[in-house]
Amino acid sequence: MTRRILFLSCILCVCTVAHERFFFYYTGMNFSSFLKLVVQLIGSLGFLLYGMKMMSDGIQKSAGNRLKKALGFMTGNRFLALLTGMILTMIIQSSGATTVMVVSFVNAGLLTLTQSVGVIFGANIGTTITAWIVALFGFSFSISSFAIPIFGFGYILSAVKKIHKENLGQALMGFALLFCGLDMLSSTVSPDSGNLNFMSALDDWGFLSILIGVVIGILITALLHSSSATTAIVITMAFNKLLSWEFSASIVIGSEIGSTIDAVLAAWTSKDNAKRAAFIHVMFNVVMAVLAIVFFTPLLRLVDFLVPGTVDSNITYHIAMLHTTLKTVMALVLLPFTHQIAGFAEQIIRSKEVEQKNVYVLEFSETGGKENAAAYLLRAEKEISDMGDLVGKMFRRVQTGFTDRTENFIAKHFQTLTEQEDYADQMKEQLTKYLVACSRLPLSESQSGDISRKMQIVDDLESMSDECYSIAVLLKRTIDKNMRFTEEDLNRLVPYMSLAGKSFEVVRAGMDNKVGEAQFAQAQGIEDDIDAQRKSLKKVARKRLEEGADVKTELLYIDLVRQIEKFGDRAYSISEALSQSEA
């Protein structure tokens, strides 16, 4: 053991000396100075990234369920879709979050592939707002002089619960942390420190320098999961004279490719259409980057023309303008061809010939902090709505058994009902896992309550599928054993079953639109009618038992009455949950 320790110590000493010589030769720093620089960079980047995330989370919580309204604009024409994607990304400060949301919506069927194209283009433009915030406010005056007071004000809003501005307070604290990170980053990479002066050597290799910058941009953005953060870093370093205008531009161009990683991760296990949406995002950014490299010099001249003053005097504005110009021009050029782009994506990613039927899968795609809670909840809402449709189909199948109580009912419907009941069980399991994963996201108080209600609704819907199947089993038993009900008994069950169906119709409509007071009162009235009829039907069955009727037939009749009542009870329970949810 002693020899091994001595051997490892010798290797460590050799490596340390080698490191010292390597870093001194290439960077002019010894190893300890380099290690100190890395720690300072990690710390400042931590403040920057956490500030961006905190600000984004706070704004998203404040937006809450307003995302439904944004979805309405997304499904409009291509120009509204572009505008929606742009504004939404400006608000939540992340094109990655918007793109992940769009991929999720396409996967759920809330957006068509063609509709998603405009939103993706708009998100690319909207993400440039961060660069302008940094360029306009980051270096005009002492950041700490206003960042600390803003953080304090945000903390007060967050801590004082009575004013109900916790989410706004969180957004302000994130905004302050972002600029604190910028301040520390600027100090770390300042020319006075001499830490990164060696990077200026990368500017002297002509076209190779541009390619190196592109690769650096790709890697940094893929690592940070944020082109906005990469651009903020580039602006800071360029302001401190560590990067030239050309090298800064090449890194920004590379960041456009690196930013596609979130969409790729989100679509990895999704349906074909979601993969196509991610492909369109990747294609847009890659083509844009390639064209920017090909027309690198004219592009920089265009930016120089658009921004007044020399590059040296306001390089921060030049970088921000490059970011905006590149994406805006590309989006406007391609926007008229949304249908063709969607068609091209369908040709590249073809649908699988064989798809697994009767297998339900709902993946919660984690994408490195880009999860948008409102979008995930909206996706869950769509899936719960589909589960409601499944229960409705089962109920209508079962209803036919009361009017066609023959072998034909068993042959035509029973196997399908068995498969649908199993599918509902799968939906409950997958949706519950999905909602549990949603509960770990940054949520507002109302969103937390919404998750609890959704879990209850999923449980009730699965129980309703069980009731449908149980009713079908009871009907099958009466057919197999040739049990005879009087025409009067069946005439009583049919309207009783219809009442349960009417109760479910109120619930199903409420899944798409909130159950208001009038709808809830209607559900309550139907529930009271179901209870009254249940008592009447049971009373009649017990009376026949006392009069010597067939015990098995009457007990099965009472079971049918009970199962139908339980279906109605579950429908009423869902209407209660929906009436409590936010609009």
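Predicted model: local features only at pLDDT ≥ 70, side-chain atom pairs only at ≥ 80, totals over all residues.

Student: What makes His-318 buried?

Tutor: Its relative accessible area is 0%, and the cut-off for buried is under 20%, so His-318 counts as buried. His-318 sits in helix α16 (residues 315-334) and touches residues including Trp-245, Val-303 and Asp-304.

Student: Why is the pairing of the His-318 and Asp-304 side chains called a polar contact?

Tutor: The two side chains come together at 3.3 Å, and the limit for a polar contact is within 3.5 Å.

Student: Why do Asp-459 and Arg-570 count as a salt bridge?

Tutor: Their N to O distance is 3.9 Å, and the rule asks for within 4 Å, so the pair passes. Asp-459 lies in helix α20 (residues 445-480) and Arg-570 in helix α23 (residues 551-580), so this bridge ties together parts 111 residues apart in sequence.

Student: How do you know that Asp-459 is partly exposed?

Tutor: Asp-459 has 29% relative accessibility. Partly exposed runs between the buried cut-off, under 20%, and the exposed one, over 50%, so Asp-459 falls in that class.

Student: And what makes Arg-534 buried?

Tutor: Its relative accessible area is 17%, and buried means under 20%, so Arg-534 qualifies. The Arg-534 side chain meets that of Glu-565 in a salt bridge at 3.0 Å, N to O.

Technical notes: Residues numbered from 1 in each chain as written. Heavy atoms only, no water. Helix = DSSP H or I, 4+ residues; strand = E, 2+ residues; numbered from the N terminus. Buried < 20%, exposed > 50% of the residue type's maximum accessible area, 1.4 Å probe, protein only. Polar contact = N/O pair within 3.5 Å; in protein donor to acceptor, adjacent residues only side chain to side chain. Contact = heavy atoms within 4.5 Å. Lists of a residue's contacts leave out its neighbours within four places in sequence.
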